[in-house]
Amino acid sequence: GFTTTDGIYIQGVQLEKGDCTGGQSAEFVLKDPTVNYAVLETARGGMLRSGLGFHTCDVAVVTNVAADHLGLRDIYTVEEMAAVKGVLPRTVRKNGWAVLNADDDLVYGMAQNLDCRVALFSMHEKCRRILDHVEAGGVAAVYEEGYITIYRNSYKLRIDRAAEFPVTFDGRAGFNIENCLAAALAGYLSGFDKDDIKTALRTFVPSSTKTPGRMNVYKFPKFEVIVDYAHNTAGITKYAEFMNATTATRKIGVVSGLGDRRDEDTLGFARICGRIFDEVVLRQDRDLRGKTAAQLREIMERGLRLDKPDLPITYIENEPDAIDHVLHTAPEGAVVTLLTENISATLKQLDEFENNGPQI
């Protein structure tokens with residue numbers, strides 16, 4: 001069973017829909033008598049509101065800490081955010097494992113004062129933290145010569161080439177290579193053998209049913225559409241790396257700002273969007289979260305044009321209208337990115353376009 005920002009799933013079937021990353025959702029899975037392995041997405045908001053929903057865990061994975069949701073619930077700095085997320089590895093039982101990102105200073109720092117065992121992962125095979133950790137008898141996973149590799153003492157266990165995993169998009173999506181490192185390491189430490197881990201990663205295909213709103217690709221006859229939920233500076237920076245490795249005649253983004261973020265965060269997000277795309281359709285979320293449409297439009301347009309003063313921006317307030325516009329105007333060979341708010345409605349709109357063609 002697992003919980004995500006999209007819902008609660010038991011044996012692959014969605015039983016609850018919505019943001020299910022809090023304590024109540026965790027309890028839902030843990031109380032189910034058919035579940036013998038629970039994977040629980042544990043979000044900052046749920047932790048601050050109601051705790052974890054469990055006392056101890058066997059494995060805790062922390063991938064990164066980013067400047068997102070700052071200014072909410074008395075969390076004003078990235079360091080304070082790291083203190084919140086650091087609660088999770090502290091709940092690991094003594095013989096369990098904390099799986100931490102050695103490339104993130106704040107996450108790596110969570111290894112201090114833990115009672116459990118620590119395993120590290122890194123995108124860099126020569127990472128000094130990894131080498132020291134393994135030399136001291138620790139376990140780690142690294143991205144080595146294109147492979148997901150697990151280090152344990154003096155031997156290496158190569159799982160597979162990262163480009164073979166659909167979520168990495170032929171190795172272009174570096175952020176998902178990181179996620180594969182963490183997943184492979186967590187699986188290995190949980191007792192799964194190499195072939196099971198390899199098969200799982202090779203057969204996990206990002207799709208609108210399995211990972212709605214997470215790198216869902218629609219290949220239309222003339223252009224390609226990618227639906228993603230990147231909505232903060234850290235997320236869009238990672239997505240920018242993917243887009244820079246992607247060829248297209250024109251890169252078009254449908255984007256919006258979030259009203260519950262600090263102005264500087266929205267400005268930073270917009271600035272990176274402006275660098276990625278050749279053209280932007282600016283829209284608004286249904287819930288403006290404390291700001292007016294005019295305020296968000298002004299901040300976003302300013303950020304989008306910080307590095308590209310002449311960037312073409314089309315303002316269409318309603319999300320379905322913005323998507324409809326771009327589907328009917330995208331040139332041949334274009335890659336369209338929809339940074340969507342309403343994932344289910346967006347995916348439905350794309351399905352209808354796919355089934356009915358441009359006449360809709």
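**The main nonpolar core**

Analyst: The largest nonpolar core has 29 residues, and Phe54, Val65, Leu100, Val107, Met110, Leu120 and Ile130 make the most contacts inside it. A core here is a set of buried Ala, Val, Leu, Ile, Met, Phe, Trp, Tyr and Cys residues joined through side-chain atoms within 4.5 Å; buried means under 20% relative accessible area, exposed over 50%, partly exposed in between (1.4 Å probe, protein chains only). Strand S5 (57-62), helix H3 (78-85), strand S6 (92-101), strand S7 (117-122), helix H6 (128-135) and strand S8 (139-144) each give two or more residues to this core. Those elements are DSSP runs numbered from the N terminus: helices are H or I with at least four residues, strands E with at least two.

Keep in mind that this is a predicted model, where local features need pLDDT of at least 70, side-chain atom pairs count only at pLDDT 80 or more, and totals for chains, interfaces and linings use all residues. Residues are numbered from 1 along each chain as its sequence is written, and side-chain values use heavy atoms, with hydrogens and water left out.

Now zoom in on Leu100: leaving aside residues up to four places away in sequence, Leu100 touches Val62, Val107, Met110, Ala111, Val118, Ala119, Leu120 and Phe121 (contact means heavy atoms within 4.5 Å).

As for cysteines, Cys57 is buried at 14% relative accessibility, and Cys127 is buried at 12%.
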